[in-house]
Every structure is written in C-alpha cells, then in structure tokens.
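Trainee: I have a model open and want to learn how to read it. Can we go through it feature by feature?

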Amino acid sequence: MTGQGLQDFLRDYEAAHPHDVCTVDREVSLDQDISAAVWELAERGQHPLLRFPRVAGADREVVTNLFASRPRIERMLGAEPGELHETYQRRAAAAMPMSEVDDGPVGDRVDTGDRVDLRSLPLLTHFATDLGPYITSGIVVAEDSDTGRGNLSYHRSVVASATSLGTSLHSRGDLWRLLQDAAAGGRRLPVAMVIGAHPLFMLAASARVGFGVDEREIAGGLLGEPLEVVRTPTHGLRVPASAEVVLEGEIDPAADEDEGPFGEFSGYSSDRSTRNRIDVCTVMQRSGAVWLDVVGGNSHEHLNLGRVPREAEMIAKLKDRFGSVVAVHYPQSGTHFHCYVAVDQRRPGEARQALLGLLGWDPYLKTVVAVDADVDVTSDSEVLWALATHFQPGRDMMVVDGLPGSALDPSADKLGTTSRLALDATRGEGFDAQRIKISAAARTVGREIAIDALADPAG
Ligand SMILES: Cc1cc2nc3c(=O)[nH]c(=O)nc-3n(C[C@H](O)[C@H](O)[C@H](O)COP(=O)(O)O)c2cc1C
C-alpha cells in the first residue's frame, strides 16, 4: 500500500493496468455527457475506469466508472480471478481500529461560514429525468452519540442552496436509525459527507452490517492497515485523512427539503425520498482534488458498488449453512432483485432450503431461482432454459408476502413492502429426460471447423 487516497490508487492502478484506464481528452459538459459515455461503452461490453480532465464548468478532473468492472474490483482487493467474494469476506473479517492523525491532505483547504458555497462544486446531471445535478458518490459518516461507533452509508444529494443539500435515507439503514435517535433526544445529527476516497473505503461504506459495527474499521481490514482519520473542525467526526472532499454539517430531523426524482438502480427515475436536509458548515478539500462520480441508474458501477459486499456475505452464509450450494450469482439483468443459485442436491428439498435462506437474509432480493450444478448460473439464458424445462409452476413455486424490501422497487409500495418468489428449477426426483449430447470426437471436429470458418468467414 503506497497511500490511502483515491489519487494514490489512481496513480498505482494506471501504472499497473494502463489498458483498463481511459482518459477522455475532448471537452465534455457536466450535463449527461459522462453518463452517456458510460452507457455507450457498456453497450459495447467495455467498462474502463474513466478520467475526464476537461469538463466545461468544472474546476477539476472528473473520475468515474471505478467499480464498473468486477475484474477491476478483484484487483483492488488483490484477489485472484474468480475469488472476489472469498477475498472480500476474508479481508473484511480482519477489521481493525482506525488510526487518528493530527492532520492530512483533506485539511489542505478548509472553508467555513460565508466561504462555504456548495454551488462551486462540479456536480453532474446524470439523466434527463433527474431533478438536477447530484452528488452521487457521497458517503455520510455519522457517530452514535453514546458509543462513538460510526456508520457509513451512501446518500444521493442535490444542492439546495449555498449551504444546504437535499438528501434521501430511503434505504432506512443505520443512518436512519441514528437520525430517529437524535429526533427522540431533540437533537440535530452531526454528519460528514466524504466525496472521493480510496476505493476500498468506498466498498466498506456500502456494506450492510449490524448497528454499531463501524465500517471505518472494515475499511482498515480491506486496506490491510488502519484507516487514517482526522477529526472534522466543528463536530469532531472522524473522516479519512486523505479524502478528496469532505462536507461537514448537521441533519435537522424536523427539516424537509426537495429531493428527487433521480435515476436509480432499478433503471427507473425515482421520487421516493425521505426528503432530508443537510446543513453544511464546513468544506474540507485536498489541494488538486479530483471529483469522483458514480453514474447512477442500473449502470454496472452503481450495481457492483451496491452489492459486492452483500453478495460476499450471502454467498459465505449460504455455503456455510447449506452444503449442497455450489455457485451463486446475482445477474446484472435483475438489478438488486434477482439471484441464481446452483445446488448439488443430495436430498429432495435442499434447493428450496437454500432459496428460503436467501430470501430471508438478503433484504433486497425478490426472485431467487435454484438450478442443478451443471447449469451455469452466470448465464441468464442457461438459467431461463432450466426454468423452461425443469420447472412446474403448480409444484415448484413459493411466494412469501409482506416482507420489507427496497423502497426503490417501483412495483412495491412506497415503503418497499414486497412479495418474494422462490423458483425451484432443479430437475428433482423422477425427472427422466436425457440432455442432448454430442460426442467428444465430433466436438473436436466441430471446433476445428468453427475456427477455420471464423478465420476466413468468406471462404
Ligand atoms: C452508490 C450508492 C448509492 C446509494 N444511494 C443511497 C441513497 O441515496 N439513499 C439511501 O438511503 N441509500 C442509498 N444507498 C444504499 C446505502 O448506502 C446502503 O444500504 C448502506 O450500506 C446502508 O448501510 P447502513 O445500514 O450501515 O446504514 C446507496 C448505495 C450505493 C452503493
């Protein structure tokens, strides 16, 4: 590790993997150009880390698409190919206390009082359907006033005035709980928003962990060394010493602010929002800061960042508890709502046990499908083939109603209360159809023909 800052990571990563980083030399606007580039590249199967040094109206470089590729996330964690989830779990489990330092680069410039102007930040508009420009990579740090234990979570935020942001706590996680506690005590909740930090800090921030588990310590586990933190000037919240930008302020539980619509991970524009307001009293920035953006909607980056820690936890839990589980995959097509699981079933019903485990543990999942071990769960079309040929709706389907889910599922009610569906597409007992086969010898001939034909398509 040669530094805990985003720019340390960018420098080292670009030196080691220059072909996975694309610097766009032409000038782009803050209005949708960057989302459009991410979308057009993804449609061509490309997910490079993107750097935009020339953005009209921005006083600094914009960096995005950091988490759009799973191989890149593997490299961030130093994982072998295909060992993303195991590596994440192992390193997250090695959580370690933070190391508080007196100062760090984030304190290079500190603006307070009349010098705070959030409108000077280079916020991007991501979709034509958004309310306006948004902060999309903002990680809110809050601390329990009794224990000092911290919480990290992402909250989309729109600039409402020079010193205030509209934000949403719709996922009703631990920040929501801390805000309820503050409201009950008649207090405002001090918060800090980190915009641009080491990608492993960002991964830790997306983990859904128990109340009181401090994700800053998980960040230390992922980094392999204690996270270096400094205290914010007014409220003394501990934030990464090498962050690009930190906004410090308070949420008044009684205040209300316009927020949304915003392009969400479901692929829909959502105005479901808790409409909270953050009043900002301090802006901290390192000199030469870059602006880190996460393109929202159902982009690869938004989905990967949101779910890699959750997938890792679910896969570990599932394999640990159910010995028949051999593979688990959350398909891109299902946003956060679908999961496929392959089982090597030794007793009837084992696949169903695994399906019910998943539906109970993962708060976002809505439809889960079990297949046999020979079906490739990373392929939507193989799973749909198994469903087409092994599954009988009257026999193999389980529906559970009235569970808490995601408020951003447009088919659920506004709180996200949802039904969940388990589909058992394993062959099961008594299934006697034979899968078609081609002999190994013929496959060799076929392969040679295919290679020739592709090398000389006209011939
Ligand atoms: C890129 C990204 C953006 C997110 N935006 C929001 C948001 O605007 N509001 C929200 O309530 N949750 C949002 N989330 C989800 C929370 O950050 C996530 O559920 C968090 O881990 C909750 O953790 P907690 O239970 O520790 O508070 C977002 C997640 C990611 C990865």
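**Reading the model**

Mentor: Start with N65, which is buried, with 26 other C-beta atoms within 10 Å. The cut-offs are these: a residue is buried if 20 or more other C-beta atoms lie within 10 Å of its own, exposed if 12 or fewer, and partly exposed in between, with C-beta atoms placed from the backbone.

Trainee: What kind of model is this, and how are residues numbered?

Mentor: This is a predicted model: local features need pLDDT of at least 70, side-chain atom pairs count only at pLDDT 80 or more, and totals for chains, interfaces and linings use all residues. Numbering starts from 1 along each chain as its sequence is written.

Trainee: Where does N65 lie?

Mentor: N65 lies in the loop between β3 (62-64) and α3 (70-77). Helices (H or I, at least four residues) and strands (E, at least two) are DSSP runs, numbered from the N terminus. Check the backbone too: phi of N65 is near 70°, a positive value in a residue other than glycine.

Trainee: Where is T335, and what is its phi?

Mentor: T335 sits in the loop between β19 (325-329) and β20 (338-343). Its phi is near 45°, again positive in a residue other than glycine. T335 is buried, with 24 other C-beta atoms within 10 Å.

Trainee: Which peptide bond is cis?

Mentor: The one from G260 to P261, with omega near 5°. P261 lies in the loop between β14 (245-251) and β15 (262-263).

Trainee: How do I read strand pairing?

Mentor: Strands of a sheet pair through backbone hydrogen bonds, either parallel or antiparallel. Here, two strands pair if DSSP finds at least two bridges between them. Take β14. Strand β11 (residues 189-195) and β14 pair in the antiparallel sense over seven bridges. The bridge partner of M193 in β14 is L247. β14 is also joined by seven bridges to strand β17 (residues 276-285), again antiparallel. There, E250 stands opposite D279 in β17.

Trainee: Is β14 mostly covered or mostly open?

Mentor: β14 is mostly covered, with six of its seven residues buried.

Trainee: What is the strand order in the open sheet of four strands?

Mentor: The order is β1-β2-β3-β18, with mixed pairing. The edge strands are β1 (21-23) and β18 (291-292), each pairing on one side only. Inside this sheet, three bridges join β2 (residues 49-52) to β3, and the two run antiparallel. R51 has V63 in β3 as its bridge partner.

Trainee: How do I tell which way side chains point from a strand?

Mentor: In a regular strand the side chains alternate between the two faces of the sheet. Look at β8 (150-154). G150, L152 and Y154 point one way, and N151 and S153 the other way. Five of the five residues in β8 are buried.

Trainee: What does β8 pair with?

Mentor: Five bridges join β8 to strand β7 (residues 139-143), and they run antiparallel. A142 stands opposite N151 in β8. The hairpin of β7 and β8 has six residues between the strands, and G148 takes a positive phi near 75°.

Trainee: Which residues come nearest the ligand?

Mentor: Of the 18 residues around the ligand, Y154, R156, S171, G173 and D174 come nearest. A residue is near a molecule or strand if its C-beta atom, placed from the backbone, lies within 6 Å of it. The elements giving two or more residues to this shell are β8, α5 (174-184) and α8 (300-321). By class, the shell has five nonpolar, 10 polar and three charged residues. Ala, Val, Leu, Ile, Met, Phe, Trp, Tyr, Cys and Pro count as nonpolar, Asp, Glu, Lys and Arg as charged, and the others, Gly among them, as polar.

Trainee: Which members of the largest nonpolar core touch the most others?

Mentor: A nonpolar core is a set of buried Ala, Val, Leu, Ile, Met, Phe, Trp, Tyr and Cys residues joined through C-beta atoms within 7 Å. Of the 111 residues in the largest one, V141, V194, A204, V239, V246, V341 and V371 touch the most other members. Domain 1 (6-301) and domain 2 (322-424) both give residues to this core, so it lies between them. The domain bounds come from an automatic or database domain assignment.

Trainee: How many residues meet across the two domains?

Mentor: 10 residues of domain 1 are in contact with eight residues of domain 2. Contact means that C-beta atoms, placed from the backbone, lie within 7 Å.
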